[in-house]
Every structure is written in structure tokens, then in C-alpha cells.
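Dear colleague,

Please find below the structure I am handing over to you. My notes on it follow directly after.

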Amino acid sequence: MKRLILSFVICLLVTSLGFAQSELDDFLSYGESRTGEFTNDDPTFTLGFEGASGDVIYVAAIDDAVAVEFKLLSPSGGQLALSNNALIKNIELGIDGTYTIEFVRPDWSDSEGEFVAHLGRYESQSLNVEDEGWTLSYADRLPDAGALQQFQVDFLEGELLTFNLYSANSSILLESPTGEALLFDGVIDDPSIPLYRIPTTGTYTLTVQSLEPGGTDYEFFVFKREPITVAVNEPIRDELEEGLPSVFVFESQAGKMWDINTTLPENGDGYLAIYQFDGRDYWATQINSDSGSGPNGQPRIQPF
């Protein structure tokens, strides 16, 4: 009798496991992406993957078309992590087995459409230091749409930076030491942030991510800029590097009017912009710009 009961329990477990796996919409492996879809009839999407004890993973969802929330479940069905901001990162798996990612459309959303989900091995890298610390760089490959790479970088208050990412269909995100999103640029080919001033000293998180199907190679650069102080009515000469601005600073009293004229090489696109930081949000820091209203199409700003 005991043997019959044991056999019955085993049959129940096997049947239950088979039923759970049949509910999955698809399986994926590390470094792969899948396209999910929410409709009014089916506002859920479930993926499974084989994980091993000690694996450190991340799950990212690209939710431009529809809002997405998701949770990571253990092989036994317990919840390991929950995301309402399209990312679960730095999760170490405790046992071997089949893990589940459940994507759902939030109750407050009625949007229908597709989204991209990506599963990857998580590792935060350090940027390579070049030019006595004035240039930081890293080159690698993002293996599929939605894949990302994060970097931890120490910056000092007041440092002026330029960010250039050479990569297809990609974006740059900068987060403060407290996790606040400060900058986002993309999703475009070769996104860049021309000039940004670090608000406080601390360890910042930089994230590069691509939506390119099949993945893309990338080169990421952070340039620390040394500004040149301008004296009134005295011309300033400097050399331009491709993809990098020359940076000048000056003090001004409130209400004072200024004219700024530039002469740039004619074999490129001339551009002049004025930034005022002073604790402003990044979107409000560029207060004036010009692409060629001066003589011979040279950039100028007058008066402001």
C-alpha cells in the first residue's frame, strides 16, 4: 500500500511539472532575446530558462510600445525578484533548475503591442583609463536586442564630461550614486552627450544598451574636458578633435548682453552651444545654440 501511495505522489509531481512547462511561451538562453506581445485577450508572456547555482544574471525588457512589469520565479515557483522599471540586475541563482520570467501588462495600462525581453549574465565592468585619466573607454559586443553593459565610475563634483557611444540603435544612461537617473540619450545610432557637469562626488553607474536585432559591436568613450577660461574681447584659438567639443567658460553678471562668433574648419558641421549648469536638470542646461547663422555659414550667437 505504501508503495502505491509513493508511486501516486511521484506521478502527481511529474504531471504538475509537465503542466507548468507547457504554460511557457518560450525558452531562452543567456545572451538571447525574445519578442513578447500583450493583447487585451492575453496581457501576459512567460519565458523559461535553465539556470545553475552561482549564475549571476540580469533580465531587461524594452517597453517602448507597451508598459511591462515582470518577476523572476525559482524552479519551485518562489518569487526571487520583481521589476517595475524594465530591469532586474545582479541576481545570483541559488540552485540548478528551470527558472521562469513572468511578464505582465500593469493594471493601469490598456496598451497592446510588442516588447523585447533579454536574458544575460550580469557583470559590472571598469572603464579603461587612457591619457592620464582624461579618457575612459571600453569596447565589446552586445549580443542581442535589449542586451546591456554597466560600468561603475568614480567622478568628482564639477567635472565636465563628454560621452560618445559608437554602436547601432543604442542608448546611454547615467545614474547618480543614489540610483537616480540623470541622463538618457538614445535610442539612435552612435548616441552622444556633448557636455555634462557632475553634480556631486561619488560612484556613478553608466549603462550602454542596444535594441539592434542580433546585437552590435560597440566602443564607448568618456572624455573629461578641461575648460579654457575666456577673457572679454580677447580671441581664443584651440584645436578641435573629431567628435569632441572645445569647452570655454566665462563669468557674467545678470542682464549683461554677449556676442559670440566662431570660425571653424569648413570641412565639417559647425555648431556652437552655451550651457549653464548651476544645479539645473540636464535638459535645461543648454540655453542657446546655433549651427551657422554667421558669415559663410559659421556658427554665432548674438546677442543673448
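Which residue in β18 is the bridge partner of Leu173? In this predicted model, the partner of Leu173 is Thr207. That pair belongs to the pairing of β15 with strand β18 (residues 202-210), in which the two strands run antiparallel and are joined by six bridges.

Strand β15 also pairs with strand β16 (residues 181-188); here five bridges join the two, again in antiparallel orientation. Within this pairing, Glu175 stands opposite Ala181 of β16. Together β15 and β16 make a hairpin, with five residues lying between the strands. The turn includes Gly179, whose phi is positive, at about 90°.

As to burial, β15 covers residues 170-175, and five of its six residues are buried, so the strand is largely enclosed by the rest of the structure.

Is Gly146 buried or exposed? With a relative accessible area of 0%, Gly146 is buried because that value falls under the 20% cut-off. Beyond its neighbours within four places in sequence, Gly146 is in contact with Ala60, Ile62, His118, Gln209, Ser210 and Leu211. Two of these contacts, Gln209 and Ser210, fall within the residue range 202-210 of β18. Finally, the C-alpha atoms of Gly146 and Phe115 are 9.8 Å apart, while the two residues are separated by 31 residues along the chain.

With kind regards

Notes:
Residues are numbered from 1 along each chain as its sequence is written. This is a predicted model: local features need pLDDT of at least 70, side-chain atom pairs count only at pLDDT 80 or more; totals for chains, interfaces and linings use all residues. Side-chain values use heavy atoms; hydrogens and water are left out. Buried means under 20% relative accessible area, exposed over 50%, partly exposed in between (1.4 Å probe, protein chains only). Helices (H or I, at least four residues) and strands (E, at least two) are DSSP runs, numbered from the N terminus. Two strands pair if DSSP finds at least two bridges between them. Contact means heavy atoms within 4.5 Å.
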